[in-house]
Amino acid sequence: MTRLAVVLFNLGGPDGPEAVRPFLFNLFRDPAIIGLPAVLRYPLAAWISRTREKLAKANYAIMGGASPLLPETQAQARALEAELTAKAPDIEARVFIAMRYWKPLAAETAEAVAAFAPDEIVLLPLYPQYSTTTTASSVKDWAAAYEGPGRTRTVCCYPTAQGLAAAHARLIERALEAAGSPRNLRLLFSAHGLPKKVVDAGDPYQAQVEASVRAVLAELGGEFDHQVCYQSRVGPLEWLGPSTDAAIRQAAADGKGALVIPIAFVSDHVETLVELDHEYAAVAREVGCTPYLRVPALGTSPDFIGALAEAALDAAGRDGEGAAPFGPWLCPAQHGKCACRGRA
Ligand SMILES: C=CC1=C(C)c2cc3[nH]c(cc4nc(cc5[nH]c(cc1n2)c(C)c5CCC(=O)O)C(CCC(=O)O)=C4C)c(C)c3C=C
Ligand SMILES: [Fe+2]
Ligand SMILES: [Fe+2]
């Protein structure tokens, strides 16, 4: 029986108040996040993590002091393992988690995967849209950590996978129905932002976010007033716009409420539970953007887990090693800094 290890990548989050600063330090010392030489990056990372700690701790305190990202990801891993067993009973599939900036880090997971002694390894980012700051960073981190057996394939991205779009569409329909299908709503597809210069240098993330939005709208059918916007800006650089904050203000000015859809996050965590549900809800109240509604992140929704299983099995069935997207997608040339064009 073939032994298949699926390794899920995500960002990781602090598991208690004392982990907030070292988590932030790990994040800001990553050259994929701050592209300066190590001699400058390390002191800068120490300074940013020290100065950001108080605000970040206050945000994590709203969720009980820790990030829910790991338990959410563990639930997805269990659901995916069950789905793989159902879809491919002739394969012994085990699902592992490697976080980029907090536990379980790649080194710990690499040991567990090596002990499983897989024939095949599929690296499956829980980032449907590829970015040099997320997927590429995790893939590189994993390659440096893993020395065990098995042939490796990577799913670089799946922004337009049918199951992903369907999962978002079903959650949107449910949220609309629960709110009594109000007529004066704008759908705000809110994605984690990126510095504009990262995108200008060829990062495909924005193009893939926009492709995901088109796929979700096609799955919904019909006409919807909608906008793509970007949240979670950090630091002094210019980031992608419009910001989610500005989009909420614009919706109010246009006499609309907002239905916010976290289009680039697959689980609920600080960026949805605090930023969207507290900070931007307050903005909506202040400017009279009513109703202000938020669609839950994908979590273990069956269409999404089904898409992950298909992506993993599709990758495991590919010849050779290397990276490829899952679903109908190829990054456009001007945004081609992606493994699907061999330019990660
Ligand atoms: C879509 C996925 C993500 C992209 C792209 C991304 C880029 C990116 N992030 C930062 C800085 C921070 N991100 C933080 C939290 C965070 N980011 C993502 C995902 C993406 N980041 C997730 C899932 C989370 C949540 C982690 C958790 O605790 O559960 C944080 C920490 C929170 C805070 O202090 O605001 C920072 C900082 C940069 C700079 C960046 C691209 C350059
Ligand atoms: Fe982030
Ligand atoms: Fe790509």
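I placed Ala 117 in the loop between helix H4 (106-116) and S3. I looked up its backbone too: phi of Ala 117 is near 55°, a positive value in a residue other than glycine.

Some bookkeeping before I go on. This is a predicted model, where local features need pLDDT of at least 70 and side-chain atom pairs count only at pLDDT 80 or more, while totals for chains, interfaces and linings use all residues. Residues are numbered from 1 along each chain as its sequence is written, and chains are lettered from A and ligands numbered from 1 in the order in which they are written.

I found Ser 181 with a positive phi of about 50°, although Ser 181 is not a glycine. Ser 181 sits in the loop between helix H6 (162-178) and strand S5 (185-192). I noted Ser 181 as exposed, since it has 9 other C-beta atoms within 10 Å. For context, most residues other than glycine have a negative phi, and most peptide bonds are trans.

**Cis peptides**

I then went through the peptide bonds. Gly 241 and Pro 242 are joined by a cis bond with omega about 0°, and Pro 242 is in the loop between S6 and H9. The bond from Thr 290 to Pro 291 is also listed as cis, with omega near -5°. I put Pro 291 in the loop between H10 and strand S8 (292-294).

**Whole chain**

I looked up the fold next and got 11 helices and 9 strands (DSSP runs numbered from the N terminus, helices being H or I of at least four residues and strands E of at least two). The radius of gyration is 20 Å, close to the 20 Å of the globule rule for 344 residues, so the protein is as compact as a globular protein of that length. That radius is taken over C-alpha atoms, and the rule is 2.2 Å times the number of residues to the power 0.38. The C-alpha atoms fill a box of roughly 60 × 50 × 40 Å along the principal axes. I have buried residues at 50% of the 344. Of the contacts with a separation of 6 or more, 80% are between residues 24 or more positions apart (a contact puts two C-beta atoms, placed from the backbone, within 7 Å).

**Two loop residues**

I checked Gln 129, in the loop between strand S3 (120-125) and helix H5 (135-145). Gln 129 is buried, as 27 other C-beta atoms lie within 10 Å. Its C-alpha is 5.5 Å from that of Cys 157, 28 residues apart along the chain. Leaving out residues up to four places away in sequence, Gln 129 touches Cys 157, Pro 159, Tyr 205, Gln 208, Val 209, Ser 212 and Ala 264.

I then checked Phe 224, in the loop between helix H8 (205-220) and strand S6 (226-231). Phe 224 counts as partly exposed because it has 14 C-beta neighbours inside 10 Å. With residues up to four places away left out, Phe 224 touches Leu 187 and Leu 217. I also noted 8.5 Å between the C-alpha atoms of Phe 224 and Leu 185, which are 39 residues apart along the chain.

**Helix pairs**

I took H9 (residues 244-253) and H10 (residues 270-287) next: their axes come within 9 Å and cross at roughly 25° (axes are lines fitted to C-alpha atoms, for helices over the stretch in contact, with angles from 0 to 180 degrees between N-to-C directions). That makes H9 roughly parallel to H10 (under 35 degrees is roughly parallel, over 145 roughly antiparallel, 65 to 115 roughly perpendicular, the rest oblique). Thr 244, Asp 245, Ile 248, Arg 249 and Ala 252 of H9 meet Tyr 280, Val 283, Ala 284 and Val 287 of H10.

Last, I looked at H1 (residues 20-28) and H2 (residues 38-62), whose axes come within 8 Å and cross at roughly 130°. H1 and H2 are therefore oblique to each other. On the H1 side I listed Val 20, Arg 21, Leu 24, Phe 25 and Phe 28, with H2 residues including Leu 44, Ile 48, Arg 52 and Tyr 60.

How values were computed
Buried ≥ 20, exposed ≤ 12 C-beta atoms within 10 Å, placed from the backbone.
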